[in-house]
Amino acid sequence: MSKLKIAVQKSGRLYDESMQILKDIGISIDNGRDQLKASAKNFPVEVFYLRNGDIPQYLKDGVVDAAIIGENVLIEKGGDIQIIQKLGFSSCKVSIAVPKSVKYNNMQDLEGKRIATSYPNTVQQFLDKNNVNAQLHIINGSVEIAPNIGLADAIVDIVSSGSTLFKNGLKEVEVLLKSEAVLASSPLISKDNLEILNTIKFRIDSVLKGRR
Ligand code: PRP
Ligand code: MG
């Protein structure tokens, strides 16, 4: 019998609630994420614990059939991956922030400036849309430190509680997009696995309605 391969974030903000929603729809996983791969006991599903940034490519290649992933990551790396359903957790923004002491009026203030980010495609698109030229510095984590160490004039990163911005003396000045966790599918998913995915979607719908 065919099994749906579903990717979830191995570590990070989405992990707990991703596992919770699978549990809530009656999919129980016997072993933990240190196994990297786990089968559900009672449902034709295999869970793969993967790095967030790798998931879009695995979806594109059909290595996994589906994923629970942040919309922001799909927008940055996704291409033609279909979002099946919004999951109502892990909402965040992707925003531009500058040091609190800096006067900021509008996007033109970023002309010629250096921006540190882990979301280069998203940022470049936003700059192009606003006809602003800026220099991008790609960093994979702890982006908010960049202005303090003289590496950048501004940053673009995820804002959730706003605490990381606050702690680093930064203020949010533009919101590029709003995001939450979503269920996404591979363009290469088989017909059998699509049926399994539709069952999952149906169950998630009921769980989300119950939560409201
Ligand atoms: C994430 C993100 C922001 C922060 C936003 O970083 O990159 O820095 O969370 O959350 P907040 O608004 O609630 O503070 P994370 O802590 O995951 O570490 P990383 O950037 O080093 O990956
Ligand atoms: Mg961070």
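Of the contacts in the protein with a separation of 6 or more, 66% join residues 24 or more positions apart; two residues are in contact if their C-beta atoms, placed from the backbone, lie within 7 Å. The structure is a predicted model, in which local features need pLDDT of at least 70, side-chain atom pairs count only at pLDDT 80 or more, and totals for chains, interfaces and linings use all residues. Residues are numbered from 1 along each chain as its sequence is written, while chains are lettered from A and ligands numbered from 1 in the order in which they are written.

The protein has six helices and 11 strands, taken as DSSP runs numbered from the N terminus (helices, H or I, at least four residues; strands, E, at least two). Along the principal axes, its C-alpha atoms fill a box of roughly 60 × 30 × 30 Å.

An open sheet of mixed pairing is formed by six strands in the order E2-E3-E1-E4-E11-E5, where two strands pair if DSSP finds at least two bridges between them. Strands E2 (37-39) and E5 (82-86) each have a single partner strand and stand at the edges, so one side of each lacks a neighbour in the sheet. Neighbouring strands are turned by 30 degrees against each other on average, direction ignored. E2 and E3 (residues 45-50) run antiparallel and are joined by three bridges; alanine 38 has valine 47 in E3 as its bridge partner.

Helix H1 (residues 15-24) packs on this sheet, touching E1 (4-9), E4 (66-70) and E11 (181-185), and its direction makes about 145 degrees with that of E1. Axes are lines fitted to C-alpha atoms, for helices over the stretch in contact, with angles from 0 to 180 degrees between N-to-C directions. Helix H6 (residues 191-211) lies across E1, E3, E4, E5 and E11, at about 25 degrees to E5.

Leucine 183 lies in strand E11 and counts as buried because it has 21 C-beta neighbours inside 10 Å. Residues up to four places away in sequence aside, leucine 183 touches Ala66, Ile68, Ile84, Gln85, Leu87, Lys201 and Ile204. The C-alpha atoms of leucine 183 and isoleucine 204 are separated by 9.7 Å.

How values were computed. A residue is buried if 20 or more other C-beta atoms lie within 10 Å of its own, exposed if 12 or fewer, and partly exposed in between; C-beta atoms are placed from the backbone.
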